[in-house]
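Here's a quick briefing to read with the model open in your viewer.

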Amino acid sequence: MSSAAGTTKEPVAIVGIGQTRHVAARRDVSIAGLVREAAQRALQDAELTWQDIDAVVIGKAPDFFEGVMMPELYLADALGAVGKPLLRVHTAGSVGGSTALVAADLVAARVHRTVLTLAFEKQSESNAMWGLSLPVPFQQPLLAGAGGFFAPHVRAYMRRTGAPATVGSLVAYKDRRNALKNPYAHLHEHDLTLEKVQASPMLWDPVRYSETCPSSDGACAMVLTDRAGARRAPRPAAWVHGGAMRSEPTLFAGKDFVSPQAGKDCAAAVYRQAGITDPRREIDAVEMYVPFSWYEPMWLENLGFAAPGEGWKLTESGVTELDGDLPVNPSGGVLSANPIGASGMIRFAEAALQVRGQAGEHQVPGARRALGHAYGGGSQFFSMWVVGADAPGA
Amino acid sequence: MTPTSGTPEALSAPLVVEFPFTRSLGPVQSAFLTGLRERTVLGVRTADGRVLVPPVEYDPVTAEEIRDLAEVGTTGTVTTWAWNPAPRRDQPLDTPFAWVLVRLDGADTALLHVLDAAGPDAVRAGMRVRVRWARERTGAITDIACFEPYEGGEASEPVPHTGEFADPVTGITTPARLDYTYAPGRAQSRYLAALAERRTVGERCPSCRKVYVPPRGACPTCGVATRDQVEVGPDGTVTTFCIVNIKAKNLDIEVPYVYAHIALDGADLALHARIGGIPYDQVRMGLRVRPVWRDGSRFPDHYRPTGEPDADYDSYKGLV
């Protein structure tokens with residue numbers, strides 16, 4: 001399968017990656033200025049100019065989140081897209097991942113040779129919670145807020161697996177310490193201790209304050225190109241070994257919120273493309289979308305890194321630490337920076353940084369293959385890619 | 001078609017979506033809007049020498065950052081227009097007006113605004129107009145109240161400008177409002193009509209036999225219409241829950257309270273509701289509950305324990 005794919009699809013290389021320093025509020029720049037900053041850094045990393053870009057693919061959070069309905073229209077000149085194709089992708093919180101996959105497909109299909117892809121969010125100028133709870137007539141208002149939507153599923157996971165109540169705090173403490181090694185992360189909590197995480201207020205029991213993601217402004221961009229583009233690149237490329245998206249309804253009879261079928265199917269598809277049969281052994285680093293700390297053990301099972309019911313044991317035993325044998329969120333993850341519309345792309349980009357050996361202080365030594373994961377909506381959209389240090393089939 | 005037990009009139013109601021979004025302006029828009037406050041119209045010069053009004057941050061041709069600001073005239077020429085005979089809420093004028101594109105003297109592009117004119121016969125492409133400034137200016141496009149007809153020739157060339165002003169405007173609030181008419185559809189209308197009689201009625205999928213509450217008129221898994229109505233509940237089982245400790249702005253509920261997923265007897269997926277009548281820290285998965293109604297309320301106010309023994313985990317774990 002993989003050799004046939006190698007001859008029919010153009011291999012896709014990530015040769016440029018740029019992020020803003022994610023913060024609570026970027027009042028010094030417009031939205032155009034924010035995305036531009038990430039895009040410029042990606043171009044600089046690839047040593048390319050705007051003229052070298054053939055098409056632009058952009059993603060952002062749902063429109064009501066920040067009131068920008070047509071980013072493709074508003075941002076065309078800021079993104080050098082005049083006279084070029086400019087597409088917008090829209091899949092709720094997973095959008096950063098699916099946006100990168102649309103860009104990768106354009107290169108793989110040889111529609112374009114070099115594509116700029118980016119995603120952004122300015123949470124400071126909007127209100128995501130408001131955007132999620134419009135006062136729809138005749139419907140009962142949501143009684144809980146964003147964390148309240150997810151917390152019951154965390155309790156269901158704990159009941160199903162018998163996971164001890166401390167696991168969530170271990171994830172939060174790990175990710176926030178990893179973030180200290182990532183200059184782009186929003187939260188740099190130098191004085192944080194495990195005891196402080198465990199003593200932080202219970203917001204939506206069983207989810208504590210320190211186990212929830214922050215609200216951030218930020219953008220992320222990548223330059224994707226073909227084999228010829230990768231040969232010209234000044235720094236090592238990351239190669240796309242597999243990419244997949246899956247969707248399912250928000251609510252339906254039989255929906256498993258703890259381990260959604262669409263997530264399992266998406267992971268199976270991406271591993272099949274990458275020729276991976278044992279992800280726990282064959283993947284060196286994972287950047288997964290963990291907005292509430294308990295989602296790490298839940299996704300470890302959903303993504304096939306642990307058997308059902310066993311995910312929390314990987315977390316508890318230190319396997320997912322930066323120096324463990326399956327580091328999860330070496331960047332600090334969504335728990336340390338959450339510009340929602342960009343968060344999925346940041347996962348994809350951080351996975352690529354790892355296999356390029358460009359992750360700096362949070363580099364996993366010798367990482368050759370990494371998984372980037374994003375999800376969104378009511379756990380209904382999933383997008384993932386596996387990236388490697390070697391060209392596929394090499 | 002299977003007869004349904006009395007199809008009530010489909011409901012509809014207004015849905016207003018309104019939010020005051022904020023915007024950080026960045027250097028170019030900040031200069032432009034602060035300039036309007038000071039009765040100064042600024043454009044930006046591109047690499048090919050054109051002056052764009054309103055200004056942009058990035059050159060539409062070269063994609064490079066552009067920052068060379070220039071002051072243009074407050075008089076200009078209408079390039080095209082459309083008559084608006086019936087102004088709507090929040091439009092710049094409350095009397096009939098023309099939407100106009102105005103190329104200000106010294107600018108190479110046209111600005112969208114409105115022209116105060118007696119009627120469509122008084123407007124033509126090529127006519128000369130001038131800015132009518134708002135009496136109170138805050139640093140917004142509405143600092144130009146409108147344009148008005150003007151007898152006079154074209155003014156001078158654009159003049160370079162630093163864009164620097166005292167007390168610059170760096171951010172604005174841009175209220176957005178959308179007016180929808182929301183129609184929940186026949187299935188939900190039937191559901192609400194039954195709720196008015198304090199009965200909960202779902203719909204069964206003819207293919208997978210699952211009972212949906214609330215019904216959506218179609219099964220999201222099988223993609224077929226649901227027709228058969230099935231009364232469920234009133235009792236149910238708490239499948240999972242969380243304890244809410246932070247007060248939501250729009251809710252008048254004292255914290256802490258329990259927000260639970262409840263599988264009503266006979267339903268194949270859980271609905272969400274508050275649990276009362278029991279201390280919050282004694283709520284548990286498997287708790288058997290029953291709705292508590294309050295007069296005048298469309299939905300149960302909350303659910304309270306029935307007093308029965310808890311449901312066995314295996315009996316509801318497929319609904320968690």
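In which loop of chain B does Pro54(B) lie? Pro54(B) sits in the loop that runs between strand E3 (51-52) and strand E4 (69-72) of chain B. Bear in mind that this is a predicted model.

**Cis peptide bonds**

- The bond leading from Val53(B) into Pro54(B) is cis, and its omega is near 0°.
- Another cis peptide bond goes from Val213(B) to Pro214(B), with omega near -5°.
- To find Pro214(B), look in the loop between strand E13 (211-212) and strand E14 (228-232) of chain B.

- Ala63(B) isn't a glycine, yet its phi is positive, at about 70°.
- This alanine, Ala63(B), is in the loop between E3 and E4 of chain B, and that loop is also where Pro54(B) lies.
- Ala63(B) counts as buried because it has 23 C-beta neighbours inside 10 Å, and the cut-off for buried is 20 or more.
- Over in chain A, Ala92(A) has a phi near 50°, again a positive value in a residue other than glycine.
- Ala92(A) belongs to the loop between strand E3 (86-89) and helix H5 (95-108) of chain A.
- With 22 other C-beta atoms within 10 Å, Ala92(A) is buried too.

**Where chain A meets chain B**

- On the chain A side, 43 residues are in contact with 47 residues of chain B.
- Four elements of chain A each supply at least two residues of the side touching chain B: helix H2 (31-46), helix H3 (63-66), helix H7 (146-161) and strand E5 (202-205).
- H7(A) gives the largest share of that side, with six residues.
- Sorted by class, the side of chain A that touches chain B has 24 nonpolar residues, nine polar ones and 10 charged ones.

**Strand pairing across the chains**

- E5(A) pairs with strand E15 (residues 236-244) of chain B; the sense is antiparallel, and the pairing runs over two bridges.

Key. Residues are numbered from 1 along each chain as its sequence is written. Chains are lettered from A and ligands numbered from 1 in the order in which they are written. This is a predicted model: local features need pLDDT of at least 70, side-chain atom pairs count only at pLDDT 80 or more; totals for chains, interfaces and linings use all residues. Two residues are in contact if their C-beta atoms, placed from the backbone, lie within 7 Å. Ala, Val, Leu, Ile, Met, Phe, Trp, Tyr, Cys and Pro count as nonpolar, Asp, Glu, Lys and Arg as charged, and the others, Gly among them, as polar. Two strands pair if DSSP finds at least two bridges between them. A residue is buried if 20 or more other C-beta atoms lie within 10 Å of its own, exposed if 12 or fewer, and partly exposed in between; C-beta atoms are placed from the backbone.
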